Each structure stands twice: as C-alpha cells, then as structure tokens.
Amino acid sequence: LVGSEMCIRDRVYTVQIFNDYACFNFSDTIRIDVEEKYSLDVPQAFSPNGDGNNGFIFVKGWGIKELVSFSIFNRFGEKVFESTDIEQGWDGNFKGDAQGIETYIYTVEVIYYNGETARKKGNINLIR
C-alpha cells in the first residue's frame, strides 16, 4: 500500500462466466481475508559499486503508512544520510564523496496503517 490509501478489509467477490449464446452460465464466489500484519526491515548490507545491484539501502516492510525518519551515521557519529521519503535510499555517498567499506549505524521510525509507531536501530555494512 502506498500514499494515503486505506487498508482494504475482507472482501467477497462473485465471478460470472457465460458466453454470448447462453450455452452456459457459471457463477462462483471467493472470499479474500486480509490479515493485518506489519513489519519493519532494513537490509544488513548493500554494495554501491556501480554494478546496478544493491546499490541503495532502503527501509522495507509491510503496512508502512509513513516514514517518520531514516538516519544513517558513520563510526564518528556523523549523520551521513537522512530521509522521510520511503522511496529514497542511501547510495553510499556523503557530501559528494563515496564512503568507504565500513559498518554504519541506522535508526528508523515509521507509522503503520493501524496508527502504531515502530522504531528500529541496527547496523548496515557498506561493501564495495
């Protein structure tokens, strides 16, 4: 789910199949139950080496309505990346310079569609 869309609740759909000659008419009903599950994940490593694979680190998860903050810090405690846009990831650069192979610390806070807030912190390994 993206943007300000509301969570879709359980739905019942009826499907009818028939042909133009009225040779047959088939109808069936299916119920789709939506489970409200939420998660917040950040990959443990990424490799911004220009090969087109895993070149950015993003916040991921289920049921995230809003990214409140995503911050990444180097070993000196300097903030090298910050975003409130879930579509924006870090490319391993800071002040125009490619950062070295290192372990970085992240903090992330999100709001789920059910209104609950979740926070997480951990390590990210930058691999070149």
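Tutor: Gladly, and please keep in mind that this is a predicted model.

Student: Is Phe70 buried or exposed, then?

Tutor: Phe70 has a relative accessible area of 0%, so it counts as buried, the limit being under 20%.

Student: What sort of aromatic pair do Phe70 and Tyr106 form?

Tutor: The pair of Phe70 and Tyr106 is edge-to-face, with 6.5 Å from centre to centre and 65° between the planes. Since Phe70 belongs to strand 4 and Tyr106 to strand 8, the pair ties together parts that are 36 residues apart in sequence. Tyr106 is buried as well, at 4% relative accessibility.

Student: And what about Trp90 and Tyr104, how are those rings arranged?

Tutor: Trp90 and Tyr104 also make an edge-to-face pair, with 5.1 Å between the centres and 75° between the planes. Trp90 sits in the loop between strand 5 and strand 6 (93–94), while Tyr104 is in strand 8, so this pair ties together parts that are 14 residues apart in sequence. Trp90 is buried at 1% relative accessibility, and Tyr104 is buried at 0%.

Student: Which residues form the aromatic cluster?

Tutor: One aromatic cluster is formed by Phe46, Trp90 and Tyr104.

Student: Let's zoom out. How many residues are in the largest nonpolar core?

Tutor: The largest nonpolar core has 21 residues, and those with the most contacts inside it are Val59, Phe70, Ile72, Trp90, Val108 and Val110. At least two residues of this core come from each of strand 4 (64–73), strand 5, strand 8 (102–112) and strand 9 (117–126). Strand 8 gives the most, with 5 residues.

Student: Changing topic: where does Ser83 lie, and is it buried or exposed?

Tutor: Ser83 lies in strand 5, which covers residues 79–83, and with a relative accessible area of 5% Ser83 is buried.

Student: What does Ser83 touch, and what lies 3.0 Å from its side chain?

Tutor: Not counting residues up to four places away in sequence, Ser83 touches Leu67, Ser69, Phe70 and Gln88. A polar atom of the Ser83 side chain lies 3.0 Å from the backbone nitrogen of Asp85.

Conventions:
Residues are numbered from 1 along each chain as its sequence is written. This is a predicted model: local features need pLDDT of at least 70, side-chain atom pairs count only at pLDDT 80 or more; totals for chains, interfaces and linings use all residues. Side-chain values use heavy atoms; hydrogens and water are left out. Helices (H or I, at least four residues) and strands (E, at least two) are DSSP runs, numbered from the N terminus. Buried means under 20% relative accessible area, exposed over 50%, partly exposed in between (1.4 Å probe, protein chains only). A polar contact is a pair of N or O atoms within 3.5 Å; within protein, one must be able to donate a hydrogen and the other to accept it, and residues adjacent in sequence count only if both atoms are side-chain atoms. Contact means heavy atoms within 4.5 Å. A nonpolar core is a set of buried Ala, Val, Leu, Ile, Met, Phe, Trp, Tyr and Cys residues joined through side-chain atoms within 4.5 Å. Rings of Phe, Tyr and Trp (its six-membered ring) pair if their centres lie within 6.5 Å; planes under 30 degrees apart count as stacked, over 60 as edge-to-face and the rest as tilted.
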